[in-house]
Amino acid sequence: MSENEENKVSRRRFLKVAAGTAAAAVAVGALPRLARAEGLPHLKESDPAAQALHYYEDASKVPTTKFPQFKKGDICEVCRFYQGKPGQTWGPCQLFPGKDVNKDGWCEGFSK
Ligand code: SF4
C-alpha cells in the first residue's frame, strides 16, 4: 500500500470514529431530557430535607395544631415554588431540587 493510500484509509477510519463519537454524544445528551420527561424521583416524607421543612405528601394530613399557619387550600399546586405542569400529580419544587413533590402536598416553605 502506498503512503497516499494509507493516508486515505486513515482518514476514512478517523471520520468513521468521529461520526460514531458524535452519535454517542448526541445520544448521551438526550438522556437527561428523556429522564425529565419521566419525572424526577418523588420526594419521600422520610427524606431528611423533607423532614426539615415538615413536608406532607397529602396536605389534608397536616396537623393544624402543630402548624397553625396551614390553611385549607394551601397545597403545592398553588405554591410559588411549585413548577409542576397542570394536570400532573407530581412536579418539581424549587426548595427540593432533584425531586418531585405531590401537587396536593404541603411543607413549611409554602408561599402563595
Ligand atoms: S415549597 Fe411549596 S411546592 Fe415546595 S413542597 Fe413546600 S408547599 Fe410544596
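This is a predicted model: local features need pLDDT of at least 70, side-chain atom pairs count only at pLDDT 80 or more; totals for chains, interfaces and linings use all residues.
# Phenylalanine 110 and its surroundings

Me: Does phenylalanine 110 count as buried or exposed?
Reply: Residues are numbered from 1 along each chain as its sequence is written. The cut-offs are 20 or more other C-beta atoms, placed from the backbone, within 10 Å for buried, 12 or fewer for exposed, and partly exposed in between. Phenylalanine 110 has 24 C-beta neighbours inside 10 Å, so the residue counts as buried.

Me: Which residues does phenylalanine 110 touch, not counting residues up to four places away in sequence?
Reply: Phenylalanine 110 lies in the segment after strand 2 (100-102). Under the contact rule (C-beta atoms, placed from the backbone, within 7 Å), and leaving out residues up to four places away in sequence, its partners are Asp74 and Cys79.

Me: How far apart in space are phenylalanine 110 and leucine 53, C-alpha to C-alpha?
Reply: In sequence, 57 residues separate phenylalanine 110 from leucine 53. In space, C-alpha to C-alpha, the two are apart by 9.5 Å.

Me: Which residues are closest to the ligand?
Reply: The ligand is surrounded by 13 residues, each with a C-beta atom, placed from the backbone, within 6 Å of it. The closest are Cys76, Cys79, Cys93, Cys107 and Gly109.

Me: Which residues have the most contacts inside the largest nonpolar core?
Reply: A nonpolar core is a set of buried Ala, Val, Leu, Ile, Met, Phe, Trp, Tyr and Cys residues joined through C-beta atoms within 7 Å. The largest one here has 16 residues. Alanine 59 also touches Asp74, Ile75, Asp104, Gly105 and Trp106, not counting residues up to four places away in sequence. Inside the core, the most contacts belong to Tyr55, Tyr56, Ala59, Cys76, Val101 and Trp106.

Me: What is the phi of histidine 54 near?
Reply: Histidine 54 sits in the loop between helix 2 (48-52) and strand 1 (90-92), and counts as partly exposed because it has 16 C-beta neighbours inside 10 Å. Most residues other than glycine have a negative phi. In histidine 54 phi is positive, near 50°.

Me: What pattern does the protein follow along the sequence?
Reply: The protein has two helices and two strands, taken as DSSP runs (H or I, at least four residues; E, at least two) numbered from the N terminus. Read along the sequence, the pattern is α-α-β-β.

Key:
Two residues are in contact if their C-beta atoms, placed from the backbone, lie within 7 Å.
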